[in-house]
Structure formats: C-alpha cells, structure tokens
Amino acid sequence: MSIATGSLNGRTILMSGGSRGIGLAIALRAARDGANVVLLAKTDQPDPRLPGTVHTAVAEIEAAGGRAVAVVGDVRMEESVTAAVDRAVTEFGGIDIVVNNASAIDLSPIGKVLPKRYDLMLDINARGTFLLTSAALPHLYESENPHVLTLSPPLNLDPGWFAAHAPYTVSKYAMTMLTVGLAGQRHPRPVAANCLWPRTTIATAAVQNIVGGDAAMAVSRRPEIMADAAHALLVRPAAEVTGQCLIDEDVLRAVGVTDFASYRYGAAREADLKIDLFLPGGQHG
C-alpha cells in the first residue's frame, strides 16, 4: 500500500465534531504527522449509545503525536463557532484546514421525518458548514496552504435519492453546494475547497444505530479509509485541486493504493460491500 507522503506537521485543523467515527480517524491520521487539532463538539459527557467524548478524542489525538484542544459547543451557534476559531488562533497561531465533519442523519422520507429532526439536519449540516467555514476564512487566507474539506456527497440528481430520503439529501447537498460555491469565489490566495465521500458505507455509530445495524456494519469499510483519503488531499498544494466532489477510493487509487482489503470492517468480500448513498449503483434506502 502506498499513501501520499506529504506531512501535516505543524498544521492546524479546525474540525466540527470529531469525537468518534470518520472525524476522529481524520484527526488521528493528522496527529501522526504532528498536526494541531481543535475539535468543536457537543459530546462533553459519555453517552451510553455512542462511543467517546470530545475529551477522550483529544487524549487519543495527543497520544498519536498531535496537539489538541476541545471546545465544547454547538456548530449551529455562532458564539460556539467564534469561540472555536478564537481558540485555534490563540493556541496555535492560526488555522490551516477546516474540516466540516459534524452531521445529523435521518433517512426517513417526507411524512416520516419529524420537523425537529428536519431542522436539526439543516442546522447542523448546512448552517454548521456555513458558519464554521465563514468564521475561519479570514484566518485561512493567512495560511500557506489553506484547505476546506467537507464530508458531503457528489450532487447525484437520480430521483431515487429524493424519493428515499429527501430531507437528509437536502441537508447533505447543501453542504456540497456551499463548498463548491466557496471554491468558485475569488480569494486573495488559492484556497482548496473540496468534498469527500466514501464509496462504501463506513463502520460508524451512525451506520450501526441508524442505517442498518450489524448487517450494515458487516459490509462496511473502516473509517481509516476516509482518513487516508483526507490526508492525501490535505497535503496537496491548495491550487492543485479545488471545487471537486471526490470519492475516498478514487483519491487513494490516484496516489498508488491498489489493495483495499485492510480497510474492510467485516469479512465481506469486496463485491459484497454496501455501496454508499448518492453514488451510482448505490442503494436508495
């Protein structure tokens, strides 16, 4: 296996969420380079339904070789976002990378999603991406290699996705549109703004608790595949790639990875892995 050899040593990442799952995996991969990570997350106390808190995540990041700060707050709230940005600048001198990771999910169709769940998805997914990126942008302009990475899907207009779970789709596509829009704006220096999405379902608490339980976990890949793909993107010069909706496997193949067996969570064959939401050939629900 060959992974991109650039380093994030000394770079500062501001991430929404990150207490567990894909966000934590991305943070740990960066920490092995010696990166600084600021996590803005709500999970201050242990939850029996979910592994980890923002504090255990910080401990793991530091054990992996990075420096980390926990900011307990809500990415939906402007004051929380401002506090996280200020903390990153105070602790580490600036911001080099924003990772829009926090996300709420409910795959129910229209008529089944409660209004409060719909509002939650739009507020965390769309508003959170907007707030965090906007607040960090002036500091990204001071970075030598600024990146915004949003964990959201390509814009697949197959009506099946809308029929299956339009409310969630709206919220995730909003994240993508905001990021692609940012890439198209005029900036005083190159700023890479890209989206990253998995080819398969990823073994996370959301997949276990919401998408499909043990059966879905068995045909998923580990979060480390997204972490390695994110790393391969974030070490690239900002001017090289921006405004793209990228798939983890494609990113890794481009840097020489050909064997993906180590990323499997269960014992499923490659052909049996569950192709993720929004991708051609994927399941509509």
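Modeller: Start with the lining of the largest cavity: its largest share, three residues, comes from helix H4 (residues 115-140). Helices (H or I, at least four residues) and strands (E, at least two) are DSSP runs, numbered from the N terminus. This is a predicted model, where local features need pLDDT of at least 70, side-chain atom pairs count only at pLDDT 80 or more, and totals for chains, interfaces and linings use all residues. Residues are numbered from 1 along each chain as its sequence is written, and side-chain values use heavy atoms, without hydrogens and water.

Biologist: What is a cavity?

Modeller: Rolling a probe the size of a water molecule over the atoms shows where empty space is left. On a 1 Å grid over the protein atoms alone, a cavity is a set of points where a 1.4 Å probe fits but cannot get out; a pocket is an open set with protein on both sides within 12 Å along at least five of seven lines. Lining residues have an atom within 4 Å of a point. Points are joined across faces, edges and corners, and a volume is the space filled by probe spheres set on them. Here, one cavity of 30 Å³ or more is present. The largest cavity holds about 30 Å³ of space.

Biologist: Which residues line the largest cavity?

Modeller: Among them are Ser-16, Asn-100, Thr-129 and Met-175. By class, the lining has four nonpolar, five polar and no charged residues. Ala, Val, Leu, Ile, Met, Phe, Trp, Tyr, Cys and Pro count as nonpolar, Asp, Glu, Lys and Arg as charged, and the others, Gly among them, as polar.

Biologist: How much space lies in the second largest pocket?

Modeller: About 170 Å³. Its lining includes Asn-100, Thr-129 and Thr-150. H4 gives the largest share, five residues.

Biologist: In what order do the strands form the sheet?

Modeller: Two strands pair if DSSP finds at least two bridges between them. Seven strands form an open sheet, ordered E3-E2-E1-E4-E5-E6-E7, with parallel pairing. Strands E3 (67-72) and E7 (245-247) are at the edges with a single partner each, so one side of each has no neighbour in the sheet.

Biologist: Where does Asn-100 stand?

Modeller: Asn-100 is opposite Thr-150 in E5. Four bridges join the parallel strands E4 (residues 97-100) and E5 (residues 147-150). H4 packs on the sheet, touching E1 (12-16), E2, E4 and E5; contact means heavy atoms within 4.5 Å.

Notes: Axes are lines fitted to C-alpha atoms, for helices over the stretch in contact, and angles run from 0 to 180 degrees between N-to-C directions.
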